[in-house]
Amino acid sequence: MTQGMIIAIQGSRNMARNRFENNRDIISTMPDDILGDILSRLTLKEAARTSVLATKWRYHWTFFSGLLDFDHSLRNFHLRREHVGILTKCNVFVYEWERFMTRMANVMKSLKSSSLQGLRICMDLGDPWRVAEWVKYAAEKHVQTLDLDFSYHFSVPFYEISLTIVHNVFPSRGYEMKSLCNLRLSSVDVSGEVIEGLLASCPLLESICVIESKRLVRLKVRGEALRLKHLELVECRIMDLDIYAVNLVTFRYQGKYGKFKFQNVPSLVEASFGGIFCSYLESDMDRVDFYGVLLQINVLKLELSKPYPGFLEGLPVFDNVGQLEIRIPHRSGAALDHHVSLLSSFPSVRVLKIKFQRNDLSVVEENWKANLEHEYPNLRELEVSGFRRDPSQMELLISIFEKAPNLNSVVVDPLSSIHVDRSPDVKARYREMRRETTKWLADALKPHLPPLTQLIVL
């Protein structure tokens, strides 16, 4: 081979290599804002992994503008189940809590994007001294979603400690949050005045969820221009609630009895009630102040807080309810007459979800019969969680099978009712852990299913 041929071959190889490298690296020549938009379609962890692609990519992740999600709940879920002493668990908890806080502060400081789709911080106990700092950061980044979840999920010893810790308080000082669409606060104290101020200053605000706020006692949700569609108030001590919101679609309240006033809520189609207020509601459905509202909703959720004996008498019938969800605290073997009479008020349901919540054990009451009053010709889907092959539970479900000739599916969910409000990864892990046991429990229902009804375990 001549020297000229060798030079020609090497030249063609260099040209091919340069062409390949140019094609391979073209994305790195894009403007930072476009790269930031591309990275924001990933999770923050996935975006950070791109730093190893090339030297130029080392800091591109800092232009991330998606949902900034800091979630420590799954680690605590596993920590509770480790076979070590309580003192060791507490030491590990504090050590990992501090590491989590440091990592979160470093990431927030490193981001250079001018805006974020959202900020979510999910961690036990929170940090009362930094809540105002996080809210200010969210305002500066023009977030659309702000989710601060400091619910207690760890272990019993920390529950007593958490009661003495300074509460996490949403700052009353006004921050410019014109882009805010969704606000969720769990174990964060916020007053009605602050929420009313946010409704007035955040024109895009469509969803508000407040869980376990001791300061929320009175609240007025009023305004012709409100875009609010979803309002959840859980484990709050509301004494006065005044709602005038033409766009409100869903409403959830769980807590003590208070004076509620609903005006001009024509779009409301879903309502959920729990706690002491739910007990008041179910015993006086035809006399509550917002009886007219109950006549317009399509989805109703009742989260009963304690076992109730006996029948309910004289309940009205709600043919408008197409989906009914009932949480039933249940002592093993106890009769379910109270809940049978409650089901009689909703003969037109298409979807029925029953969530058994195991309570104290009791003597099994033999030969209890679930005398359902109505047929359920529209019922297509029955979903059950917390099922334990209890004889009373079996009797209730079999009776529903017999009264629902058009039932298409029975779905058995391993998820316990106490895990409903946990983060998605914790719920997925719990379902995975309980799936085989739940399949065994669900097998007891197979002989009683109608021929064309499908049994599904999530």
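1. F260 and F277 are both buried. This holds for a predicted model. Their ring centres lie 4.5 Å apart and the planes meet at 25 degrees, so this pair counts as stacked. The cut-off for stacking is under 30 degrees.

2. Look next at where the two rings come from. F260 belongs to strand β10 (residues 259-263), and F277 belongs to helix α9 (residues 275-283). The pair therefore ties together parts that are 17 residues apart in sequence.

3. F277 also pairs with F273. That pair is tilted, with 5.7 Å from centre to centre and 35 degrees between the planes. F273 is buried, as is F277.

4. The structure holds 10 aromatic pairs. Ring pairs join F251, Y253, F260, F262, F273 and F277 into a cluster.

5. G274 deserves a look of its own. This glycine is found in strand β11 (residues 270-274). Its relative accessibility is 0%, so G274 counts as buried. Setting aside neighbours within four places in sequence, G274 is in contact with Y253, Q254, G255 and E303. Y253 is also one of the residues in the ring cluster. The C-alpha atoms of G274 and R327 are separated by 9.0 Å, while the two residues are 53 residues apart along the chain.

6. A charge meets a ring elsewhere. The charged end of R389 sits over the ring of W440. The distance to the ring centre is 3.9 Å.

7. Now check the length of helix α5, which covers residues 86-110. Its 25 residues, at 1.5 Å a residue, should span 36 Å.

8. Which residues of α5 are buried? They are K89, C90, F93, E96, F100, M101, M104, V107 and M108.

9. Last, the cysteines. How many disulfides does a search of the whole structure find? The search finds zero. C202 is in no disulfide, and the nearest cysteine sulfur, that of C181, is 9.4 Å away. C202 is buried, at a relative accessible area of 3%. C122 also has a relative accessibility of 3%, so C122 counts as buried. The cut-off for buried is under 20%.

Notes
Residues are numbered from 1 along each chain as its sequence is written. This is a predicted model: local features need pLDDT of at least 70, side-chain atom pairs count only at pLDDT 80 or more; totals for chains, interfaces and linings use all residues. Side-chain values use heavy atoms; hydrogens and water are left out. A disulfide is a pair of cysteine sulfur atoms within 2.5 Å. Buried means under 20% relative accessible area, exposed over 50%, partly exposed in between (1.4 Å probe, protein chains only). Rings of Phe, Tyr and Trp (its six-membered ring) pair if their centres lie within 6.5 Å; planes under 30 degrees apart count as stacked, over 60 as edge-to-face and the rest as tilted. Helices (H or I, at least four residues) and strands (E, at least two) are DSSP runs, numbered from the N terminus. A charge sits over a ring if NZ of Lys or CZ of Arg is within 6 Å of the ring centre and within 35 degrees of the ring normal. The expected span of a helix is 1.5 Å times one less than its number of residues. Contact means heavy atoms within 4.5 Å.
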